[in-house]
Amino acid sequence: MSNDSGHKNPETNADIRSSSRRQTRRIVFIVTAILVVLTGGFLVWSLRPIILPIIIGTLAAYICFPLLKLFTRAGIPRGAGILLLFGSFFIVIIIIANQVGSLIPDEREKLILKTRFQYKLNERYKSFMGLDDAGEGGTMLYRYFSSDFDNFLNSVNSFIRLDNEERGKFMKYLDGYNNKPPIPLKYYEYYHKNLDTNHEGTEDKTAGDLSGKTAEKDAGKDEFHFTVVMNAFKLWIIMPFVFLFLLLDNGEIKRFFVSLVPNRYFEVSLAVFDKVDKAIGNYLRGILIECSLVGVSYIVLFSVIGFEIKMAVMIGLAAGMATAIPIMGFGIAFVLGSSYALIAESVSSIIPFITSHNLIIAVAVVVLMVMVLDNGVFQPVVVGGAVSLHPLVVFIGIMGGSMLFGFAGLILAIPTIVVVKEIVTTLFRELKDYSLI
Amino acid sequence: MTNFTYDMGKDNTDTTKPLNAFWGNIFSRFKGGGNIPNVEFLKLCPIFQHLNNRELKKLSPLIYERKYQAGEFLFEKEQPGTAMFIIKSGHVKIVVPGHNGEETELATIHPEDFLGELALLDDTPRSASAKAVEKTEALAFFREDLNELLETNPAIGSKIMKDLAIVIGQRLKACNEQLYGGSE
């Protein structure tokens, strides 16, 4: 009895030991994986303000990799090439910041734009509905739905009209303030008409009193602006460094991650890294060129139909950037273009029959033309048909991106989804090719 | 084809080997960028024999160092090839798996030899498997790195390609001699 048990026990014990070791190892791996995922998630959430600068720095580096290769091929030392690209990156950032800064309307211009927009909107409404200056008459359509239309217009008016503080500022700028030229009298007339529309004709008197109060607030606001700029600088200073270090990287990051891969997956990991890298690089470079081409097309065509150059550039830039989001780019171009067409004072188009009355139709034609150009020429030639996302994914991506990161998240959501999709599909394809799944 | 990760587990003495290989790769000294530990060794490989020291230093960051335990596969038959391996230490068997699970040994690769060089040309499936006989250190050179080298440093890339063609030619000649030399 004792001999039998003496023979069997060592084997049984070894089996048990081996099985329990395997089980312990599995538990350790699972617990480690959960901890890593939770810590990663926590870090991503906590550090989300710096994720965006990191993404943009990475995208810029990705776009510059082929240029660096080109420099190396041309015999320029790698260090000199990196210095050249980093210098160019800084100069481009400064130029863009400067240009965009000068394009963004200042306080005075915003007040004028709002005043013009409200006045022109009401004027067009009256002319479209066939109403006279006293608000009498009206087309048949208006007579049927007058209360609905009027209610809608009133709600738009209450949204866009100048509030008390803004009216105070308008009065200050009227005679010239803060080294800015006086507001033209024409816009003062608009301002008065808008007040009549708002049924608040007496408020222009209080506006003069308010101007004193707003002056006191300005000092505090300047301080607030300085803090905002400093905070933004602190966050975005990381971007050029991400760009620089990614360019300086000579494959060390890839080697580090490959070193973590078990031997069994070594070759497949190399193949996945390479294919994903190429696909993402091609997509990002393609989308950048497409956005630039679409933006330039809008600038040229809006200028042709008679937009002020400054407005054509602003709308072209916004719509060009938004082209990264399928469909959205055209929507943004149309909304911004038609909003401008609504407030356009005089149209100086090289096409003779375009006037301020039919400018909105010209805007629609421009958006259609760019849409045809983009779908028929830019996308097939530059991006290719590799990227296709389900509309639901696009919608959820845009909503999620904008909720997490605001406007920038809205723009970058789709490229991020495309990158993730590319990684997952390539990984599964390669794992199948290697018979690992 | 046997699966090393789990087969090793069946052998009680080898249960920790895949795990050791995994952690061994993580904690192996990170060799990249300016640190050039493999230059002298690469010089011994016929494919890199015509590269001078400066060129070898440029090549060295592209080389991956891997550690294998006895019984681990460097690559397996029918898998697409992506990299060539140079044996730094240890021995590797070239085997062809049979239908009944038995392996037919074709050759043994010793330190300073290299294998899987056809993967530098295209990704056709491997014609045989390579299995570490003992604890083995190998250097891997990836096809896409060679392609990039041909673009960015054509002088280095073309020297490697030329030596690769010579080696493949010599092996073809040797193969022909083995096939037809005996019959004469």
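In chain B of this predicted model, four strands form an open sheet in the order β2-β7-β4-β5, and their pairing is antiparallel. The edges of this sheet are β2 (73-75) and β5 (103-109) of chain B, each of which pairs on one side only. From one strand to the next, the twist averages 35°. Within the sheet, strand β4 (residues 92-97) of chain B runs antiparallel to β5(B), and six bridges join the two. One position in this pairing can be followed directly: Val92(B) stands opposite Ile109(B) in β5(B).

Chain B also holds an open sheet of four strands in the order β1-β8-β3-β6, again with antiparallel pairing. Strands of a sheet pair through backbone hydrogen bonds, either parallel or antiparallel. Here the edge strands are β1 (63-68) and β6 (114-115) of chain B, each pairing on one side only. The partner of β1(B) is strand β8 (residues 136-142) of chain B, and the two pair in the antiparallel sense over six bridges. Along this pairing, Glu65(B) stands opposite Leu139(B) in β8(B), while Lys67(B) has Glu137(B) of β8(B) as its bridge partner.

As for burial, β1(B) is mostly covered, with five of its six residues buried.

Attention now turns to the helices of chain A. Helix α4 (residues 107-129) of chain A packs with helix α6 (residues 164-174) of chain A at an angle of about 110°, their axes being 10 Å apart. Because of that angle, α4(A) is roughly perpendicular to α6(A). The crossing in which α4(A) passes α6(A) is left-handed. On the side of α4(A), the contact is made by Glu107(A), Arg108(A), Leu111(A), Lys114(A) and Thr115(A); on the side of α6(A), it is made by Glu166(A), Lys169(A), Phe170(A) and Tyr173(A). The residues of this contact between α4(A) and α6(A) divide into three nonpolar, one polar and five charged.

The helix α4(A) also meets helix α7 (residues 185-197) of chain A, where the two axes come within 9 Å and cross at roughly 60°. That angle makes α4(A) oblique to α7(A), and the crossing of the two is left-handed. The residues of α4(A) that meet α7(A) are Ile112(A), Thr115(A), Arg116(A), Gln118(A), Tyr119(A), Lys120(A) and Asn122(A), and their counterparts in α7(A) are Tyr187(A), Tyr190(A), Tyr191(A), Lys193(A), Asn194(A) and Thr197(A). By class, the residues of the contact of α4(A) with α7(A) are five nonpolar, five polar and three charged.

Gly316(A) lies in helix α12 (residues 309-322) of chain A, and it counts as buried because its relative accessibility is 0%. Leaving aside neighbours within four places in sequence, Gly316(A) is in contact with Gly295(A), Tyr298(A) and Ile299(A). Between Gly316(A) and Cys291(A) there are 25 residues of separation in sequence, and their C-alpha atoms are 9.8 Å apart in space.

Technical notes. Residues numbered from 1 in each chain as written. Chains lettered and ligands numbered in written order. Predicted model: local features only at pLDDT ≥ 70, side-chain atom pairs only at ≥ 80, totals over all residues. Heavy atoms only, no water. Axes fitted to C-alpha atoms, helices over the stretch in contact; angles between N-to-C directions. Parallel < 35°, antiparallel > 145°, perpendicular 65-115°, else oblique. Left-handed = near helix turned anticlockwise from the far one by under 90°. Contact = heavy atoms within 4.5 Å. Nonpolar A, V, L, I, M, F, W, Y, C, P; charged D, E, K, R; others polar. Pairing = 2+ DSSP bridges. Buried < 20%, exposed > 50% of the residue type's maximum accessible area, 1.4 Å probe, protein only.
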